[in-house]
Amino acid sequence: MKSNVGGIDRVLRILVGLGLLSLLVWYPGEARWFGLIGLVPLATGLFRFCPAYSLLGMNTCPMKSAE
């Protein structure tokens, strides 16, 4: 797996994932289980790989300079 998630994208994914996971603790009732959706952006941010990006041919990683 080649990294395809860049720095800012990675930080945003981790923050959104943690925010959604916090619904498990703070949101009352059965709707709080929607917070588990936060595992997806959290995992893609931590592993720096997004399967949807690879399918769409996207890449937010900075390009390495050719020296």
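Author: Here is a short chat about the terms and the values behind them. This is a predicted model, where local features need pLDDT of at least 70, side-chain atom pairs count only at pLDDT 80 or more, and totals for chains, interfaces and linings use all residues. Residues are numbered from 1 along each chain as its sequence is written, and side-chain values use heavy atoms, with hydrogens and water left out.

Reader: Why is Thr-44 called buried?

Author: Buried means under 20% relative accessible area, exposed means over 50%, and partly exposed is in between (1.4 Å probe, protein chains only). Thr-44 has 9% relative accessibility, so it counts as buried.

Reader: And what makes Gly-57 buried or exposed?

Author: Its relative accessible area is 66%, so Gly-57 is exposed. Gly-57 lies in the segment after α4 (51-56).

Reader: How do you know what Thr-44 is in contact with?

Author: Contact means heavy atoms within 4.5 Å. Leaving aside neighbours within four places in sequence, the contacts of Thr-44 are Val-5, Arg-13, Phe-49, Cys-50 and Pro-51.

Reader: What does the side chain of Thr-44 reach?

Author: The backbone oxygen of Pro-41, at 3.1 Å. A polar contact is a pair of N or O atoms within 3.5 Å; within protein, one must be able to donate a hydrogen and the other to accept it, and residues adjacent in sequence count only if both atoms are side-chain atoms.

Reader: Which residues of α1 are buried?

Author: Asp-9, Arg-13, Gly-17 and Leu-21. They cover an arc of only 95° around the axis (taken from the directions from the helix axis to the C-beta atoms), so they sit on the same side of α1. The face turned away from that buried side carries the exposed residues Ile-8 and Leu-15.

Reader: How do you know that the span of helix α1 agrees with what it should be?

Author: The expected span is 1.5 Å times one less than the number of residues. For the 15 residues of α1 (residues 7-21) that should be 21 Å, and the end C-alpha atoms are 21 Å apart, so the two agree. Helices (H or I, at least four residues) and strands (E, at least two) are DSSP runs, numbered from the N terminus.

Reader: What does the charged end of Arg-13 sit over?

Author: The ring of Tyr-53, 4.9 Å from its centre. The rule asks for NZ of Lys or CZ of Arg within 6 Å of the ring centre and within 35 degrees of the ring normal. Arg-13 itself counts as buried, at 14% relative accessibility.
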